[in-house]
Protein chains: 2
Amino acid sequence: MQFDADAAIETAMGVFWRNGYGATTPQTLTSELQIGKGSLYNTFKSKHHLFVLSLARYSTWRMGFLADNFASPDPVRLQLREAVEVLTGYGDHDRGCLLVNATAELGSSDQSVTEVTEDLFAGIEDAFRVAIQRGQRNGELDPANDPGAAAGALLTTVVGTSLLLKSRTGQGRVLRTIDATINGL
Amino acid sequence: MQFDADAAIETAMGVFWRNGYGATTPQTLTSELQIGKGSLYNTFKSKHHLFVLSLARYSTWRMGFLADNFASPDPVRLQLREAVEVLTGYGDHDRGCLLVNATAELGSSDQSVTEVTEDLFAGIEDAFRVAIQRGQRNGELDPANDPGAAAGALLTTVVGTSLLLKSRTGQGRVLRTIDATINGL
DNA sequence: CGCGTTCTGTACCTGGGGGTCAACAAGTGC
DNA sequence: GCACTTGTTGACCCCCAGGTACAGAACGCG
């Protein structure tokens, strides 16, 4: 193996993220990954398989970010706020979240995709829940709220926001929704 | 014009809804719409144009539903609950919302699509806001909440839920999130 | 009923998607 | 340095997506 397969997956992730699955052609991939078609298919079996690998890579990447993020000494609300902003892809806002895009495009028809997405969604929700519980013990958050329900609501908000950012002008309004949700915790 | 173009658009809407844009081929369309390719392209110009027409049709259909729904004598929370359930596509849950799917697939790269989606999203939010305001005047809802912000949050929840339903097992948990959001109003 | 016009159906075309393969280059053991 | 094995490449292939064009059918009109 001469070229760096790991780096290639990472690049592929970016390509799929920008273009989506269907709109990404083998040609795009070979040109962006700087490898020949043969290597592509020898190493990654198929476009679809490379896509799944990219999703998995994205997923672990995001989970790593969450772990770091919630390990910071910041107040919980700030951590949550930061996490949500990053996850929604606020800023480079016409890419959204790769997993959200993948779900919308292939979600209900491709099991190998849903397996990855479900894991990530569950992982995010879990990280939220743990953080919220910690915040409640700290006295930073209102302990009257059910942490599981709150985490679910936050996940839903993240997903919804990530999508609305792709279509909506006036991102400020969308962000206000996030703030309101977090402040209500 | 021999065949019913309007009915054809409606059928096409269903096809795009199920399959997405990219995965819908001219062949699928001719076979489902029961018309020849010539009629297809003579009448609708292109697959893309037909898609936009389908989106528009979906949009007016949904807006019509909302108008009816909020005209009912039911309590506001019930109206909202019903609206959200329908909009998210709960039940036939692996289609989600056509507009959400379209946004995820083409959102940031196709202006004629974003024009339609932004309109619908704004329309939904508006309908929510009006209903919430009415509920507040009625005393059914807590007037301390900002109706605009609440409507935005509800829209975000709808979009997020519509997407999560495509990937997530255990739809019950997702629905709980909706209930919690509405009950908090 | 004949003629034109519109609508329809289908054969056809082009481009590119997704993938394979045989020749070639680049490392590896001796 | 030489055979051998593994990695890489780009030409090649098939098929189908997306669309066009033309021939024929259905309707309108005198």
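Start with Thr156(A): this residue is buried, with a relative accessible area of 2%. Buried means under 20% relative accessible area, exposed over 50%, partly exposed in between, with a 1.4 Å probe and protein chains only.

Some ground rules. This is a predicted model: local features need pLDDT of at least 70, side-chain atom pairs count only at pLDDT 80 or more, and totals for chains, interfaces and linings use all residues. Residues are numbered from 1 along each chain as its sequence is written, chains are lettered from A and ligands numbered from 1 in the order in which they are written, and side-chain values use heavy atoms, with hydrogens and water left out.

Back to Thr156(A). A polar atom of its side chain sits 2.9 Å from the backbone oxygen of Gly152(A). Leaving aside neighbours within four places in sequence, Thr156(A) is in contact (heavy atoms within 4.5 Å) with residues including Thr156(B), Gly160(B) and Leu164(B).

Thr156(A) belongs to helix 8 of chain A. Helices here are DSSP runs of H or I, at least four residues, numbered from the N terminus. Helix 8 (residues 147-167) packs with helix 9 (residues 171-183) of chain A at about 175 degrees, axes 10 Å apart. That makes the two roughly antiparallel, a label for angles over 145 degrees. Leu154(A) and Leu165(A) of helix 8 are among the contact residues, as are Val174(A) and Ile178(A) of helix 9.

Last, cysteines. Cys97(A) is buried at 9%, and Cys97(B) is buried at 7%.

Key
Axes are lines fitted to C-alpha atoms, for helices over the stretch in contact, and angles run from 0 to 180 degrees between N-to-C directions. Angles under 35 degrees count as roughly parallel, over 145 as roughly antiparallel, 65 to 115 as roughly perpendicular and the rest as oblique. A polar contact is a pair of N or O atoms within 3.5 Å; within protein, one must be able to donate a hydrogen and the other to accept it, and residues adjacent in sequence count only if both atoms are side-chain atoms.
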